[in-house]
Amino acid sequence: DPQQIELTTANKRKLRRFIVIDEVVDKLYGSKVRQYFEENNVQHKILALPTTEETKSMDLVLNILHEVQNFSLDRRTEPIIAIGGGVCLDIVGLAASLYRRRTPYIRVPTTLLSYVDASVGAKNGVNFLQCKNKLGGYTPPVASFLDRSFIQSIPRRHISNGLGEILKMALMKHKGLFDLLKNHGKYLLDTKFQSCNGFADNGDAAMQTTRIAIETMLEELAPNLWEDDLDRLVDFGHLISPELEMRVLPSLMHGEAVNVDMAFMTYVAHARGLLNAEEKEQILQCMRGLELPVWHSGCSWALIQRALRERLKHSGGQPRMPLPTGLGMADIFNDTSEETLERAYELWVKD
């Protein structure tokens with residue numbers, strides 16, 4: 001906003017920033033963050049917090065808001081900065097949306113999952129009554145700053161976790177992205193999504209993969225930012241996984257739970273005749289190559305039934321089930337019978 005830039009530059013008041021950073025990220029990068037603000041002569045307050053799925057609550061939001069109030073933030077010119085994974089970005093987004101009805105905030109994702117998923121879109125929220133993201137809203141950030149160098153310090157399992165959300169977009173919308181994951185998955189895991197010279201046969205797979213994942217996500221989210229249309233391809237992998245993830249915490253990370261859901265739905269698509277046996281196996285082989293779980297004992301038939309009933313409550317009485325109709329192609333279905341689901345489940349268990 002040119003007016004805000006003019007207001008900021010004309011103001012003799014020292015630049016001030018309030019930063020919420022995940023406590024693990026703070027241990028790794030906190031000194032660099034502090035050095036950056038000091039060298040740029042910015043008065044700052046850095047609040048390091050444990051932002052995990054277990055602490056993702058209104059209590060943490062209120063904790064942030066108390067500190068924001070003490071800092072005396074100017075909501076027109078001083079955006080809150082969130083540095084961390086998806087949970088951190090969600091919590092800070094909700095806090096910012098509540099403070100004086102809406103305070104601008106900036107997302108700085110530090111995990112692969114948040115880089116390609118939480119950084120895009122408008123949603124924020126916290127868990128409530130053991131339900132995932134039960135409280136929240138739609139407040140987009142004023143900016144997302146994407147820096148893949150953060151990803152080099154996260155464990156290999158967290159890279160796989162992020163690959164689950166990238167694979168979701170590949171299966172729904174982009175055969176080229178699926179091929180990238182199938183052919184370069186191990187390389188991406190080994191190099192932690194850093195752009196490495198001297199690997200000509202891999203090209204810049206990290207740049208291509210993340211760029212396509214974000215572009216396809218934006219294609220889906222931007223025209224439907226407030227989810228007025230409930231038919232959403234990006235819900236693939238998110239019909240059963242919210243129930244599963246919360247039920248088995250902390251044994252499954254978000255992207256892993258999403259992948260277990262996608263694996264089951266791949267069997268559903270096969271049972272419906274949307275995928276042939278070879279396509280089904282290609283998808284499962286790709287998942288294994290990305291070191292993602294294709295099964296979890298907590299995903300019982302009773303849990304699936306419960307999760308799909310919950311889905312109906314929040315999707316206008318229709319399941320609105322995204323299913324792959326090929327590699328990189330998909331559609332929304334409302335007519336999958338209980339018999340088909342059970343047949344798919346039995347085959348999944350057997351395999």
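In this structure, 20 residues of domain 1 are in contact with 28 residues of domain 2, where contact means heavy atoms within 4.5 Å. This is a predicted model, in which local features need pLDDT of at least 70 and side-chain atom pairs count only at pLDDT 80 or more, while totals for chains, interfaces and linings use all residues. Residues are numbered from 1 along each chain as its sequence is written, and side-chain values use heavy atoms, with hydrogens and water left out.

Let us look at the two domains first. Domain 1 covers 2-152, and domain 2 is made of 155-223 + 232-350; these bounds come from an automatic or database domain assignment. Their C-alpha centres lie 28 Å apart. Between them, domain 1 and domain 2 bury about 2000 Å², with 67% of it on carbon and sulfur atoms. Buried area here is the accessible area (1.4 Å probe) that two parts lose on being put together, summed over both.

Elsewhere in the list of contacts, you can find the side chains of K132 and E245 meeting in a salt bridge at 3.4 Å, N to O. On the domain 1 side that touches domain 2, α5 (112-118), β5 (123-128) and β6 (131-138) each supply at least two residues. The largest share of that side, five residues, comes from α5. Helices (H or I, at least four residues) and strands (E, at least two) are DSSP runs, numbered from the N terminus.

Now turn to L221, which sits in helix α8 (residues 205-221). L221 is buried, with a relative accessible area of 14%; buried means under 20% relative accessible area, exposed over 50%, and partly exposed in between (1.4 Å probe, protein chains only). Which residues does L221 touch, not counting residues up to four places away in sequence? They are V120, G121, R232 and V234. The C-alpha atoms of L221 and V120 are separated by 8.1 Å, although the two residues are 101 apart along the chain.

A few places in the backbone deserve a visit too. The loop between α7 (175-191) and α8 holds K192, which has a positive phi of about 50° although it is not a glycine. K192 is partly exposed, at a relative accessible area of 23%. Further along, P250 is found in the loop between α9 (241-248) and α10 (254-271), and the peptide bond from L249 to P250 is cis, with omega near 0°.

R320 is not a glycine, yet its phi is positive, at about 45°. Is R320 buried or exposed? At 15% relative accessibility, it counts as buried. Strand β8 (residues 321-326) is mostly covered as well, with five of its six residues buried. β8 pairs with strand β9 (residues 329-333) in the antiparallel sense over five bridges; two strands pair if DSSP finds at least two bridges between them. The bridge partner of G326 is M329 in β9. Two residues stand between the strands of this hairpin, and G328 takes a positive phi near 85° there.

Notes: A salt bridge is a side-chain nitrogen of Lys or Arg within 4 Å of a carboxyl oxygen of Asp or Glu.
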